[in-house]
Amino acid sequence: MISDELCRVPIEYLWVGLELQEDIYNYNGEVLLVPKGKVITEPRLASLFKFEGGNKYITTPRAMYDLIMDKNNIPEDMRKLMLQTQKGYEALNHGVDEIMAEAKKYGKVSSEPVAKSVAKIPALLEGAGMQIIFSCIDLPRPMGEELQRHCLNVALLNGLMAECLDLPDQEARDLITVGMLHDIGKTKIPGDKYSNRGVLSKREEEMARIHCLYTAEMLTEDFDTEVKMAAYYHHERIDGSGYPEGLKGDKIPLYARITAISDTYDNLMYVRTGEKPKPLFDVMAELAAMEGKELDEELTMLFLNDIKSQYLGKTVRMSDGVTGNVVYIPPNDLGRPVVKIGTVIKQTDEEWKCREVLLED
């Protein structure tokens, strides 16, 4: 039994650099893990996860609990990690992990477990809000979870696009399903044989093309044809430069054109653990540069306009450490928003950038 004087906290809520003002015990309060006065380090945090195994909780007196949970003490990255758990992103991530495990084990994916995860996404989108969703997407991805988080992120982005397009419920679910399964074929490629980023070698490009075919083959007959075709064609490009068949323009299925945008955005935002995230507005500018060339112009504009509307007025931390508010995002220069700091209004440039958008209560 947990003592009435102890409160339970998920281990992931702790952060490196946190100085303990009270003792930390195991999940049921019976074993002292770290005494007060110590500082949480990366090795110590890793040891806590290893010691607790599947429980992933510690307990601590109320005063320490309050300090951990006080948003004013929590580093921005930690706040985002906490929101992953609170808003349901992490639970969905576990669901996608199970889908990946099925794909790896059987070489097939059935619709039932996918439908269960897909059904949870509309409520997450409605309850969390767009900024929270984008914060979850922007977080570094632990080794071994890159593919499942990418698929979940593309599913979420497809869900946002379904809302923008006001698609009927079934069509929205189909579009989310495409996002969740678009790269499932990569589970048939042994190891990490090619990267999502940068220029691919000839061999890597061949493997990239193969994963589209694998994806189509792995989806069982109970998936709609539109879902299978969209997953197969999501690497086609409007100008015909894509694969697997070099389709152009409207010959590319609608769901595939939408998924291409979501897929590209998430790959641009992709951050490995230990790396610094790319500034949001830089990614928006890169995406805008692909309009009408690689990506569908109208759909990309819709996607970017929705992001712009969400981030106007938001608080940002600049490259020099000061904070301000976004007052204008030039439609033809998305990478250089105008920021107000105190009474000064100034447009960003190559030297003075928005490094991150801060979460709001």
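Predicted model: local features only at pLDDT ≥ 70, side-chain atom pairs only at ≥ 80, totals over all residues.

**Chatting through the model**

Q: Let's start with aspartate 266, where is its place?
A: Aspartate 266 sits in helix H11. Helices here are DSSP runs of H or I with at least four residues, strands are E runs of at least two, and both are numbered from the N terminus.

Q: Buried or exposed, this aspartate 266?
A: Aspartate 266 is buried, because its relative accessible area is 0%. Buried means under 20% relative accessible area, exposed means over 50%, and partly exposed is in between (1.4 Å probe, protein chains only).

Q: Which residues is aspartate 266 in contact with?
A: Leaving aside neighbours within four places in sequence, aspartate 266 is in contact with Ile137, Arg141, His150, Asn153, Val154 and Leu157. Contact means heavy atoms within 4.5 Å.

Q: Ile137, which helix is that in?
A: Ile137 is one of the buried residues of H6. Helix H6 covers residues 130-138 and is mostly covered, with nine of its nine residues buried.

Q: Ok, back to H11. At what angle does H11 cross H12?
A: The axes of H11 (residues 254-269) and H12 (residues 280-288) cross at roughly 140° and come within 10 Å. Axes are lines fitted to C-alpha atoms, for helices over the stretch in contact, and angles run from 0 to 180 degrees between N-to-C directions. H11 and H12 are therefore oblique to each other; under 35 degrees counts as roughly parallel, over 145 as roughly antiparallel, 65 to 115 as roughly perpendicular, and the rest as oblique.

Q: And which residues make the contact?
A: On the H11 side they are Ile261, Thr264, Tyr265, Leu268 and Met269, and on the H12 side Leu280, Val283, Glu286 and Leu287.

Q: What about H11 and H13, what's the angle there?
A: For H11 and H13 (residues 297-311), the axes cross at roughly 45° and come within 10 Å. That pair is therefore oblique as well. H11 brings Leu254, Arg257, Ile258, Ile261 and Tyr265, while H13 brings Leu299, Thr300, Phe303 and Ile307.

Q: Switching to strands: what order do they have in the open sheet of five?
A: The order is E8-E7-E6-E5-E9, with antiparallel pairing. Two strands pair if DSSP finds at least two bridges between them.

Q: Which strands stand at the edges?
A: Strand E8 (344-347) and strand E9 (354-357) do, each with a single partner strand, so one side of each is left without a neighbour in the sheet.

Q: How many bridges join E6 to E7?
A: Three bridges join E6 (residues 323-328) to E7 (residues 338-341), and the two run antiparallel. Asparagine 325 stands opposite lysine 340 in E7.

Q: And E1, what does that pair with?
A: Five bridges join E1 to strand E4 (residues 57-61), running antiparallel. Cysteine 7 stands opposite threonine 60 in E4. Four of the five residues of E1 (residues 6-10) are buried, so E1 is largely enclosed by the rest of the structure.

Q: Last one: how many helices and strands are there in the protein?
A: The protein has 13 helices and nine strands, and 48% of its 361 residues count as buried.

How values were computed:
Residues numbered from 1 in each chain as written. Heavy atoms only, no water.
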